Amino acid sequence: MGFTLRIGQAAIWLACSTAWAQADVPSLPEDLHQHPDWLTLGHYHPKAIGNGYLSQADDPAFFLSEQGKSSPEAELQATLNAILQPGEGNEHARCRFPARDAWLRKQLDLPDEKPSCPEYDDWFSTLNTEKVTLVFAASYLNSPSSMFGHTFLRLDPPQNTGETDLLLANTISYAADAAEHDSELLFAYRGIFGGYPGITSIQPYYEMIRLYNDIEHRDLWEYTLNLKQEEVDTLLAHTWEIQDKNFDYYFFDENCAYRLLALIDAARPGTDLLAEVSTHAIPSDTVRWVRDAGLIEQVHYRPSAATSVAHSLESLPAEHRDIAAAMANGFVEVDSDEVNALSEAARARLLDATYDYVRYQSEAENWPRAHAAPLSHQLLIARSALDHDGPVPEVPVPTIRDDQGHDTLRLSLGAGQLAGAEFTELTVRAAYHDLLDPPAGYRPGAQLQFMRLDARLYHPNNELQIEQVVGVEIRSLSPRDAFFSPISWQVGFGGRRTDTATRRVFTPYLEGGAGGSWNLGTHTQAFAVATADLEIDDDIRRGYDFAPGADLGVLHQNNHFSALAGVKAKAWIVSSQHRQDQLYVEGNWHIGREFSLFARFTREDHYDRYQSTWKAGLHAYF
Amino acid sequence: MKKLIAGAVLLGASTMAFAQPGCGVGSMIWKGQSGVAPHVLAATTNGTLGNQTFGMTTGTLGCQTNQAVQSMAMYMDSNIDKVARDMSRGTGENLDTLAVLLGINEADRDEFRATLQDNFAAIFPNSETTSGEAVDAIVALLEQNESLSKYVAA
C-alpha cells in the first residue's frame, strides 16, 4: 500500500516538474539541431544508408534523450530541458555536459552564470591547461604494430612560472580497451571489424614517454596547437563529456587519431578535420591535416631512447667507442686505467654513452640484471664524481619531419615489356611507403605497403590483366654494427602472377624472410635475407608450391635518388621442382617529394629459360 | 603548488589504490621492463594499459608527511632509472621535474642539482637501491642543507 502511494507521489512530482520545464523552456530555432557545432558535439554523422544522422557514441550515458543516438533534434531538446532544470551539482546536466551547455546558452542568449560542479571544476583546475599539443609517436618499423604511428594530446600548463613542467603535463588518449589476454591476432581482428570499446583516458606525459620513447623506441613529435584559451577550455569541456564514454574502436578509421580530431573540431568550430577522413585515418596523415588547417604553432622533437643512444655512441671518437663496447660487455672495468687516462670531459661523455647503451640493451635485448645493474651502478657512481656538465650531444632534429615526408597515396603510370610483349601499367597504392620512395621523413630501410593494385594492359592482344595485388607488405632492413644487432625481416601476402611453364596464372601468395643488413656508407646498406614463398592455386600442379630461397642485395637511399639491386634465388620444391633465379636492378629519381621517375629491370632464369622484364614510368604522391 | 602536485600524479592514478606514498619501499632501480609490455600491440595501437604505474609496495620505511615529498616519491617510483642517470650528471629534465615537484625556487636549483650529484653514492649506495630508500636519503640530505631544508620540512 505504502509502496503504491510512493509511486503515485513520484508520478505526480514527475508530471509537475515536466510541466514546469515546458513552461520555461524557450523554443528552439527550427534547424538548430543541424548546426555543424551541434553535430560535432554530439558526434553525429550522416547515416551511410538513408536519411538522418547517427552518433558515433556507443554509450547511453552520452545521451539525455532515449532517441539521442539517432536524433540530433531530440537530443538537443532534451539537452535544453535538462540544462534549464533548477539546481546544480555533479549530476546536473550542466555539470555533465559543460560544452553543450555553454554552446546552447550562447546560441539562445540564455544567462550563463557558472553553476557549481565540484568534480568538474576540480578536474578542470587540476588540468591547468594553457596550450594543447598534438603528440605524434613515429612508426618504428621493426615493430609491425607501430606502423600507423600514434597520436595523443598533451595539455600544457602555463610555462613561464618555473612551477610547472611538461613531463608532469597530462595527456588525452583514445584507446581500445582490449583485454590483457587477447592475442595480437584477435586484437587485429576485433580492431578492424569492431568489438572493442574505445575509451578516452588521461595519463601523465612521463608515462607516455616511458611507453613510446623508452620501451617502444619511437621518436615523439610535439606539435603545439595555436588554440586560444577559450578554445582550449572548450576542448577540455568536451573531453569531460566524452571521458569514460564508450565509442567503439575501429583500427582503420574510428581510431586513436580520429577521436582527437573530433576534439579539435569541437574546440575550434568550423575546423572540420573529420571531413578529411575517408576510409582510413593514418595518424601521420591526421598530423598533415592538422598542419594544413593552420593549427600548428610550434614543433618540438623528442628522440627515443634508441635514437639518443645511437647518437651519443656515434658522437664518441672511434677509440672511445671501442672502450664503451668493451665496458658494456664487461671486458674493461669502469675504473680501469684506460678509462681514467681520459680527460674529464671525454670520460663524462664515455660514461654517459655507455650507461645509456647498457640501459637500452637491458630494455631491448633483455640483458640479465645480474650483469647490467651492478655495471649501471658503477657507471653512475663514476659519472657523479665528474663535474663536467658541458653540453650533452643533442640529437639533431631531422630536417624533414614525418608529416613532411611524401604523401602516402601513390598513383603510378608506366610502360614496359615482358619477354617482348609490350604493356602499359597502372598502379594504385593506398599507403604507405616503399624502399624506393623519397626517403625524407621515413625510417631508412623501412617499407610498409598496404593495399596496392598493379593492372597491366598488354598491347599485342589488348588484354587487361591484374599483375599483382598487395594486401600488406612489410620490410625492415636495420643495419647491424658493434653495438646493435637487429634482425632484418620481411612479410607479405596478396595475389600475383606466377609462371607455370606454360602460362602466367594469378595466385594467392604468402612470403616472409629474415636476415641481416650492414651499412656500406651513410646512405647505403647491403643485406642478406633467407626467404620463404608459398603459392596456393589449383592451376599449380599439386595445388600449392613452396620455395625456400635467398635475397642478396644493396640498397641506396638519398633525397634525390634511391636504388635497389641484387639477386634472388628460389627453389620451388613441391610442384614445379624448378629453380627460379632473378637479377634485379631498380631505381627511382625523386622530383621533390611529389613525384618520382622509376625504372626497373629484371632478368630471370626459370624453367631453364631466360626472360627479361623492364618497365619505367612515373609515381605521383597524393 | 598543491594544485600542480595533484595534477601531476593523482589524475593518472585516480583509479588506483596505492598506499601512502613516501611510505613504501618503491620500485627497485634497474629492474628492467619485463612485464610492462606484455601486450605490445595493444599498447602501440592505443590499448589502455593495465596500469601498474603507481604500484608502490607498502613497507616499513619512515612515512613522509610532506605532500611535495610524496609527489617526488611517486615520480621516482615510475622513473627511477632516468632520475638516477640525470642525478649522476647533475643535469637533465628528470632532475628539473624533481625540483618542480619539491617546489624549489629557481635561485636554489643549482644548489639542489649539485647536492644530489655530489651525494649520488649516498642516495644510491648499491645496485639494489629502491626508490623509497633513495627518497629517504634525498630528504635526509636536503634537511641538512641550509638553503634546501625548507623544501622538505614535514
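A residue is called buried if 20 or more other C-beta atoms lie within 10 Å of its own, exposed if 12 or fewer, and partly exposed in between, with C-beta atoms placed from the backbone. Helices (H or I, at least four residues) and strands (E, at least two) are DSSP runs numbered from the N terminus.

The model is predicted: local features need pLDDT of at least 70 and side-chain atom pairs count only at pLDDT 80 or more, while totals for chains, interfaces and linings use all residues. Residues are numbered from 1 along each chain as its sequence is written, and chains are lettered from A and ligands numbered from 1 in the order in which they are written.

**Exercise 1.** Determine how far helix 8 of chain A is enclosed by the rest of the structure.

*Solution.* Step 1: helix 8 spans residues 205-215. Step 2: the buried residues in this helix are A:Tyr205, A:Tyr206, A:Met208, A:Ile209, A:Arg210, A:Leu211, A:Tyr212, A:Asn213 and A:Asp214. Step 3: since 9 of the 11 residues are buried, helix 8 is largely enclosed by the rest of the structure. Step 4: just after the helix, A:His217 adopts a positive phi of about 60 degrees.

**Exercise 2.** Classify A:Thr424 as buried, partly exposed or exposed, and identify its contacts beyond four places in sequence.

*Solution.* Step 1: A:Thr424 belongs to strand 11 (residues 421-433) of chain A. Step 2: A:Thr424 has 16 C-beta neighbours inside 10 Å and therefore counts as partly exposed. Step 3: two residues are in contact if their C-beta atoms, placed from the backbone, lie within 7 Å. Step 4: leaving aside neighbours within four places in sequence, A:Thr424 contacts A:Ala415 and A:Leu457.
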